[in-house]
Amino acid sequence: MGIKTALPAAELGLYSLVLSGALAYAGRGLLEASQDGAHRKAFRESVRPGWEYIGRKMDVADFEWVMWFTSFRNVIIFALSGHVLFAKLCTMVAPQLRSWMYAVYGALAVAGTMGPWYLLLLLGHCVGLYVVSLLGQPWLCLGVGLASLASFKLEPLISWQSGFVTGTFDLQEVLFHGGCGFTVLRCTSFALESCAHPDHRYSLADLLKYNFYLPFFFFGPIMTFDRFHAQVSQVEPVRPEGELWRIRAQAGLSVVAILAVDVFFHFFYILTIPSDLKFVNRLPDSALGGCAPGPAPGRGLGSHLRTDLCAPTAAESQPGQRLWKGGGAGLYSLKCVGLGAGLAYSNLVYDWVKAAVLFGVVNTVARLDHLDPPQPPKCITALYVFAETHFDRGINDWLCKYVYDYIGGEHSAVIPELGATIATFAITTLWLGPCDVVYLWSCLNCFGLNFELWVQKLAELEPLAQIETSLSEQMSRRVRAVFGAMNFWAIIMYNLVSLNSPEFSELVAQRLLLSGFPQTTLAILFVTYCGVQLVKERERTLALEEEQKQDKEKLE
């Protein structure tokens, strides 16, 4: 029942047709809702004049995206361009000093942006964890690292340390939490790698070179110390054939993605529509179903750097205000749930696009520096397994190496897996900032990850294993895709809790499981099933290509 099982081309064509039609149907509903509310008074703050040659207003509800690519665009370009320029000059003149150039340039950039006292604060944390690493005790290094991280997440220490920042500006809080959080993770990685390789005797200078590499400093992705040190220490690095072409392609793709998102926001106000509850409540049920609440505080890439995820939503601040119209008029229409599902799906895809764009820009610079950084996260569209779900591949690799894989081993035993997931999500909760929303998100995802293993163990027992053996490989793939479709919506629902709000997750669950059951529920699951089959087909193609590549290498 392997991944290489193929389905008939006609069947896959039908799946593509159904999925395309469903996405177009949901998109049309979102477009109509955006047009209806474009000129509302309540939209003035977040829907403003956009590009003149498009002739439409633009959704600017996500302040982080607007700041990155308007107010701070020139600053980002200037800082990264300076890094690339000095790195190239250093590589040509004194390649053995390029790691020092990275550290000095990064430290000066941080001091110029956040102030010298902020730089001294981070140096204090670096020195503290370096001293602990000299003791050679991994448990102590991890414990001190988590305590250091907690000092940036819990009061009153967070308020005291934020006072080290000089001046005030729009992205100050995001940059503060990003720089501090990633600094602690990098220092902890350094300390743990020092304990794992006592013969290498890494120095404080190695830690500073690692931590103050500017492209990774504020927003990641994080590379574990062993990988970074091995790559940056190469005196004469050699680029693989075709590497420069791939770097140009990635840079071009990032620019295209930025422009595409801006154009998208001229037509689809997916972040603003739900913030106006009066508008939402006046919509007919066919347009209202599943409308998400407005962007939650700290939403998007910066959300994993913020500690205000538990701030009251608009719905909470207006008691008695209903997010959707009740009533016993019977089953809701497919459009009702379809628009809600489309809005929920588009919000999660947008969060992925933000991550992919930011990591794409940063990774382009890192690859110019002869590094092999973590890749952007896997698209939410292709996720139907909890074990592959993450929005930051660097943090995921960090957690897997030092916590999840260390405790869980091969992840085939129930009890060790339970302990590994609890420990991993406990640290993730601390990273995100402890609050009720994060607690709920962590518990749901921890349960989902373990439930997958429980179901897998159950499927290996009789009579289920015998039943699957009696099925053809194609039918087995279809059955597994049905469970994958249900798992996909579990992943969507569990992550909506933090990316939007618990109220929105409850609303979508109400529409999918109760109000729309069985017709709309089955329709949404069938559309999702089609998508899962197409993802499986893509995975099958990649597996075959990888196998052919390995066979070719063996022959050579």
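This is a predicted model: local features need pLDDT of at least 70, side-chain atom pairs count only at pLDDT 80 or more; totals for chains, interfaces and linings use all residues.

Q: Where do R28 and E32 lie?
A: Both are in helix α1, residues 9-37. They are four residues apart, about one turn of the helix.

Q: Is R28 buried or exposed?
A: The label follows from relative accessible area: under 20% is buried, over 50% is exposed, and in between is partly exposed. R28 has 57% relative accessibility, so it counts as exposed. E32, at 28%, counts as partly exposed.

Q: Which residue forms a salt bridge with E243?
A: The partner is R367, with the closest N and O atoms 3.3 Å apart. R367 belongs to helix α15 (residues 334-368) and E243 to helix α12 (residues 243-264), so this pair ties together parts that are 124 residues apart in sequence. R367 counts as buried because its relative accessibility is 14%, and E243 is buried too, with a relative accessible area of 12%.

Q: How many residues apart are E537 and R540?
A: They are three residues apart, about one turn of the helix, and both lie in α22 (residues 519-555). At 13% relative accessibility E537 counts as buried, and R540 counts as buried at 14%. Salt bridges can also share partners: E193, D226 and K401 are joined into one network in this way.

Q: How many salt bridges does a search of the whole structure find?
A: The search finds 10 salt bridges.

Q: Which residues make the nonpolar surface patch?
A: The patch is made by V414, I415, L418, I422, F447, F451, W454 and V455, and covers about 690 Å². The elements that give two or more residues to this patch are α17 (414-432) and α18 (436-459). Take W454 as one of the patch residues. W454 lies in helix α18. Its relative accessible area is 35%, so W454 is partly exposed.

Q: How do I read the angle at which the axes of α18 and α20 cross?
A: An angle over 145 degrees between N-to-C directions counts as roughly antiparallel. The axes of α18 and helix α20 (residues 473-499) come within 8 Å and cross at roughly 160°. That makes α18 roughly antiparallel to α20. The crossing of these two helices is left-handed.

Technical notes
Residues are numbered from 1 along each chain as its sequence is written. Side-chain values use heavy atoms; hydrogens and water are left out. Patches are made of residues with over 30% relative accessible area and no salt bridge: like charges are joined within 9 Å, nonpolar side chains (Val, Leu, Ile, Met, Phe, Trp, Tyr) within 5 Å. Accessible areas come from the Shrake-Rupley method with a 1.4 Å probe; for residues, only the protein chains shown count as cover. A salt bridge is a side-chain nitrogen of Lys or Arg within 4 Å of a carboxyl oxygen of Asp or Glu. Buried means under 20% relative accessible area, exposed over 50%, partly exposed in between (1.4 Å probe, protein chains only). Axes are lines fitted to C-alpha atoms, for helices over the stretch in contact, and angles run from 0 to 180 degrees between N-to-C directions. Angles under 35 degrees count as roughly parallel, over 145 as roughly antiparallel, 65 to 115 as roughly perpendicular and the rest as oblique. A crossing is left-handed if the near helix is turned anticlockwise from the far one by less than a right angle, and right-handed if clockwise.
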